[in-house]
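Here is a short briefing on one protein model. Please look through the sequence and the structure before reading on.

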Amino acid sequence: MVKRLATMCLAFALAFAVQAGAGEKIRIGVTFQSLAMPTFAEFSSFMQTYAPEKYDAEITIVSAEWNAPTQVSQIENFIESGVDAIIIAPVDPGSVYDVTERAREAGVYVFSYAAHLENYDAEYLVDDYNTGYACGEQAAKWIHEKLNGKAEYGVLEYPINDRLIQRAQGMQDAIAKLAPEAKRVAVAKAVDANEGMRVTEDLLQANPDMKVIVSIGDGGAIGANEVVMAAGKATPDWGIFAVDATQEALQKIKDNEPFRCSMSLGGPKVQGSYMVDTVVKLVRGEPVEKNGLMPYLPITRDNVLEYAKSVNWKLR
């Protein structure tokens, strides 16, 4: 009887241990390139609410500040802390090769956002060239409709990796093909609003007749918009075109400011939920789409209110 009771207790203890293990919170680490970028700031805000509310998961989000060694250290810290999965928006995909290999060897799932990694369990990529090209199409259309097919234009790029180089190239190729009489007069680096303001001030001084800017992201474009407004140049034919469709950008588009179009890649609700849902499925052993591709859609004044409603944003 005693032996039987002991056996039953042991079985109960083992069952409880398995059940407790199954009920442990999933822990997710996230390292974005920079939370100063509006798109990553929006992702962070959404994911920090979505992960615990839907899955009771713990999520920690950090900013690499565009520094590859910093990002490697962040990933190492996540591994040491015992997270179940790591979401990475790589500053430099090559720099994280060794650390992502260690992560997977330790049983940590690796999800890559917007850049291909050699060591990964799932990824969510941008078709950067075609997204950039679609943005350039909108700029070319503006040049024809508002500037009779002729314009001086500038490019705000950030050639830190191949994908952003391809995005900027797509923009320029579209304008060159669809508005061949337009002239590129300036190229400058800008990824956030402060950089966008600084370089646009210089661009306008050097090119007072410039009336179009294409930008690889909303950050630089928002800064450019502020400078054009402050300089009293916000005429009905001034156009700024970018990628990300952040809430701040949409507000400016709605308000008929020089910011005329931004390419949506799904927004924080679509992209943030995709990232969290995918890593939770990986941890649970459920099937996932290993190679996901983001949608892209131009958001202009014609569809900005409809789009904002679809992502639960209220514009003023």
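Which residues form one aromatic cluster? They are Phe 32, Phe 40, Phe 43 and Tyr 113. This is a predicted model, where local features need pLDDT of at least 70, side-chain atom pairs count only at pLDDT 80 or more, and totals for chains, interfaces and linings use all residues. Residues are numbered from 1 along each chain as its sequence is written, and side-chain values use heavy atoms, with hydrogens and water left out.

**Overall**
- The protein has 11 helices and 12 strands. Both are DSSP runs numbered from the N terminus: helices are H or I with at least four residues, strands are E with at least two.
- Along the principal axes, the C-alpha atoms fill a box of roughly 95 × 40 × 30 Å.
- Of the 316 residues, 53% count as buried. Buried means under 20% relative accessible area, exposed over 50%, and partly exposed in between (1.4 Å probe, protein chains only).
- Among contacts with a separation of 6 or more, 73% join residues 24 or more positions apart. A contact means heavy atoms within 4.5 Å.

**Helices α7 and α8**
- Helix α7 (residues 193–206) packs on helix α8 (residues 218–230) at an angle of about 50 degrees, with the axes 7 Å apart. Axes are lines fitted to C-alpha atoms, for helices over the stretch in contact, and angles run from 0 to 180 degrees between N-to-C directions.
- The two helices are therefore oblique to each other. Angles under 35 degrees count as roughly parallel, over 145 as roughly antiparallel, 65 to 115 as roughly perpendicular and the rest as oblique.
- The crossing of α7 and α8 is right-handed. That term applies if the near helix is turned clockwise from the far one by less than a right angle; anticlockwise is left-handed.
- The α7 side of the contact includes Gly 196, Met 197 and Leu 204, and the α8 side includes Gly 220, Ile 222 and Val 227.
- By class, this contact has seven nonpolar, five polar and one charged residues. Ala, Val, Leu, Ile, Met, Phe, Trp, Tyr, Cys and Pro count as nonpolar, Asp, Glu, Lys and Arg as charged, and the others, Gly among them, as polar.

**Helices α5 and α6**
- The axes of α5 (residues 128–147) and α6 (residues 162–178) come within 7 Å and cross at roughly 35 degrees. This crossing is right-handed.
- Among the residues that meet are Asp 128, Tyr 129 and His 144 in α5, and Arg 163, Arg 167 and Leu 178 in α6.
- The contact of α5 with α6 divides into 10 nonpolar, six polar and six charged residues.

**Aromatic pairs**
- The whole structure holds 12 aromatic pairs. Rings of Phe, Tyr and Trp (its six-membered ring) pair if their centres lie within 6.5 Å; planes under 30 degrees apart count as stacked, over 60 as edge-to-face and the rest as tilted.
- Trp 142 and Phe 241 have ring centres 6.2 Å apart and planes at 65 degrees, so the pair is edge-to-face.
- Trp 142 sits in α5 and Phe 241 in strand β9 (residues 239–244), 99 residues apart. Both residues are buried.

**Two buried residues**
- Arg 163, in α6, is buried at a relative accessible area of 13%. Beyond four places in sequence, Arg 163 touches Gln 33, Ala 114, Ala 115 and Asp 128.
- Val 126 lies in the loop between β5 (122–125) and α5. Val 126 is buried, with a relative accessible area of 11%. Leaving aside neighbours within four places, its contacts include Ala 114, Arg 167 and Leu 265.
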